[in-house]
Structure formats: structure tokens, C-alpha cells
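Here are my notes on the model you sent over.

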Amino acid sequence: MVLCAVERCLRKSCGVWSRLHSSQRRSCVYSSRHGFNQDEIRGKLSAFPGGSIDLLQQESGIAVLTVNNPSRMNAFSGGMMVELEEKVTQLESWTEGKGLIVRGAAGTFCSGSDLNAVRAISNPQDGMKMCMFMQNVLMRLLRLPLISVALVEGRALGGGAELTTACDFRLMAPGSVIQFVHKHMGLVPGWGGAARLVHIVGSQNSLKLLGGALKIDPDFGLQIKLADGVLEEGEAPPLSQAETWLARYTKGPAAVSQAVKQVVLSGRDLPLADALRTEKDVFGTVWGGAANLEALARKSKHK
């Protein structure tokens with residue numbers, strides 16, 4: 001009887017999660033209805049190679065995504081922007097995934113866009129298309145069914161600072177800095193970083209950070225709640241510390257971790273009635289499932 005219940009739940013879960021993940025992939029900010037041609041901008045960005053976006057999916061259910069272009073402080077080339085979109089697509093279908101750590105190679109996080117690519121597409125039309133492409137990608141990154149954390153070592157500047165806001169949490173290493181330097185370049189954030197920043201630290205703090213291009217060290221980050229934790233100096237390597245920190249929120253079956261992420265996303269992004277309906281659907285994927293039945297057998301509710 002228990003096996004039958006699990007089989008019914010699995011069939012139901014697959015259907016619901018398929019709909020939820022399909023909806024998530026359609027949640028891009030821009031589509032052809034907005035005059036956005038994904039293939040066109042992918043082609044233009046791919047003409048500017050350099051660096052890579054590396055993805056390691058571990059048996060623990062924790063993936064590590066590394067922005068890898070050390071010779072340019074891990075700045076995004078056009079090709080790297082396209083690679084990031086490909087890696088996000090890969091993670092969207094990772095059914096065994098629970099968490100994601102976003103980091104930079106060689107002890108620094110990311111310095112934004114590679115200026116060589118930026119100069120080459122500096123006309124307003126191509127700049128807007130790049131902006132739309134990256135907003136779509138970072139929206140999908142934030143909406144992954146994985147609990148994500150940005151591991152900030154060294155400097156996160158400009159677009160790199162925006163990238164940190166596309167994660168659920170931010171951990172800062174001693175001596176690290178997050179800085180929205182866009183004003184120094186005669187710009188404002190274009191990858192969605194300003195809108196996400198307001199949700200994280202509020203409008204007044206956002207005005208200070210963007211208007212003053214303030215340097216955010218770990219103490220300041222904790223004070224304004226942009227940082228969720230600071231790594232210990234001289235302890236385990238930063239990546240190991242980040243994995244330990246994230247594990248406290250991803251312990252247990254992948255289906256349950258993904259369900260937690262989904263109900264929180266819907267509560268944040270949807271009108272209340274829609275969020276409640278989504279919560280009901282997600283609840284149906286785990287009620288009577290293997291983890292639920294095991295917990296009932298252990299009588300672990302009050303442990």
C-alpha cells in the first residue's frame with residue numbers, strides 16, 4: 001500500500017514539477033513580443049570569446065558555477081554570457097540538485113563586462129539587446145529550483161555586483177568588496193541588479209550604494225543585509241566553508257529542497273492568490289512522498 005502511494009505521488013509530482021519548471025523557463029523578462037531576438041544577440045555575443053563558465057554538479061546535490069577569466073578579473077566576455085545561459089539551462093533540468101554556489105576563479109569574484117566586448121557593442125541598440133539577454137539569464141538563475149549563494153572573494157564590481165544579487169544569499173570572504181561602480185562609467189545597472197538590490201536592502205540603501213558607488217566590505221554588507229555571512233579567515237578553504245554553510249539549508253531529499261525554493265519564489269513574486277495556488281500544487285508533490293512517509297514512520301516532527 002505504501003509503495004502504491006509513493007508511485008501515485010511520483011506520477012503526480014512529475015506532472016506538477018514539469019508544469020512548474022516549464023513555467024519557470026517561460027518567466028524570462030523579454031521575448032519576441034518585446035522585439036527580443038535571442039538567437040541574434042547570442043550570435044553577436046559569441047563573436048567575442050574568452051574565459052569560460054565552468055559548472056560542476058556534485059553527488060551531494062550542490063553545484064559549483066565558476067566565472068573563469070582571471071586575466072581580466074573574471075570579467076564577462078560575450079562568449080561567457082552565452083555560456084552562462086547554457087549552464088542555467090542545464091541546471092533547470094537537474095532533478096537531483098539542491099543548491100548552487102556561484103564563485104569566481106583565482107580568488108576574485110567578477111569585475112562585470114569585458115570592456116573589449118562592451119566597446120564593440122557600444123551602440124544603443126546592441127547595448128539594449130545585451131541588457132535584455134542578461135536580464136533574462138539572471139532572472140532564470142535566481143528562479144532556479146536550487147537554493148543559491150554567491151561566494152564573494154576579492155572584488156565583485158559592476159556587473160559582478162549585479163550577479164551577486166541574482167543569488168538567494170551572499171557570503172563574503174574577509175577583505176572582499178562588492179561595489180556597484182556603474183556611476184563611474186556613466187551608467188546604471190542594466191542586468192537587473194538595481195531592481196533586485198531594492199528587494200534585498202531597500203530603496204534608501206540602494207540609492208546610497210548606486211549614487212555613491214560605495215564600497216561594501218563584509219561588515220557594511222552585514223549591516224545593510226546585503227551579506228548573509230562572513231567566512232572565517234584561516235579556517236577551511238572558502239569553497240569548503242560555503243558548502244558547509246549551504247548544507248544547513250539543503251539537507252534532505254532534493255524534491256523537498258526544490259519545493260521549499262518554489263514556494264518561497266511564488267510568495268515573493270506572485271500575487272497572494274496565485275502564490276497560494278502554487279503552494280497548494282507544490283504541497284501536492286511532497287505530501288505522501290517518500291520523505292514524508294519516512295518522517296511519519298520516524299515520528300520526527302518534534303525532534
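1. Let's begin with lysine 44, which is partly exposed at a relative accessible area of 29%. On that scale, buried means under 20% relative accessible area, exposed means over 50%, and partly exposed is in between (1.4 Å probe, protein chains only). Keep in mind that this is a predicted model: local features need pLDDT of at least 70, side-chain atom pairs count only at pLDDT 80 or more, and totals for chains, interfaces and linings use all residues. Residues are numbered from 1 along each chain as its sequence is written, and side-chain values use heavy atoms, with hydrogens and water left out.

2. What does lysine 44 pair with? It forms a salt bridge with glutamate 40, the closest N and O atoms being 3.8 Å apart; the term means a side-chain nitrogen of Lys or Arg within 4 Å of a carboxyl oxygen of Asp or Glu. Both residues sit in helix H2 (residues 38–46), four residues apart, or about one turn of the helix. Helices (H or I, at least four residues) and strands (E, at least two) are DSSP runs, numbered from the N terminus. Glutamate 40 counts as partly exposed too, at 32% relative accessibility.

3. Glutamate 86 is partly exposed at 36%, and arginine 42 is partly exposed at 21%. Both belong to a network of salt bridges that also links Glu85, Glu92 and Arg140.

4. Is lysine 261 buried or exposed? It is buried, with a relative accessible area of 4%. Its side chain meets that of aspartate 168 in a salt bridge (3.0 Å, N to O). The pair links distant parts of the chain, 93 residues apart: lysine 261 is in helix H11 (residues 254–269), and aspartate 168 is in the loop between helix H6 (159–164) and strand E6 (169–172). A search of the whole structure finds 15 salt bridges.

5. Now strand E2 (residues 62–68), where six of the seven residues are buried. Six bridges join E2 to strand E1 (residues 52–57), and the two run antiparallel; strands pair if DSSP finds at least two bridges between them. E1 and E2 form a hairpin with four residues between them, and glycine 61 in the turn has a positive phi of about 90°. E2 also runs parallel to strand E3 (residues 99–104), with six bridges.

6. There is an open sheet of three strands as well, ordered E5-E7-E8, with mixed pairing. Strands E5 (155–157) and E8 (215–216) are at the edges with a single partner strand each, so one side of each has no neighbour in the sheet. E5 and E7 run parallel and are joined by three bridges, with arginine 155 partnered by valine 177 in E7.

7. Last, the overall picture. The protein has 13 helices and nine strands, and buried residues make up 46% of its 303 residues. Among contacts (heavy atoms within 4.5 Å) between residues at least 6 apart in sequence, 74% join residues at least 24 apart.
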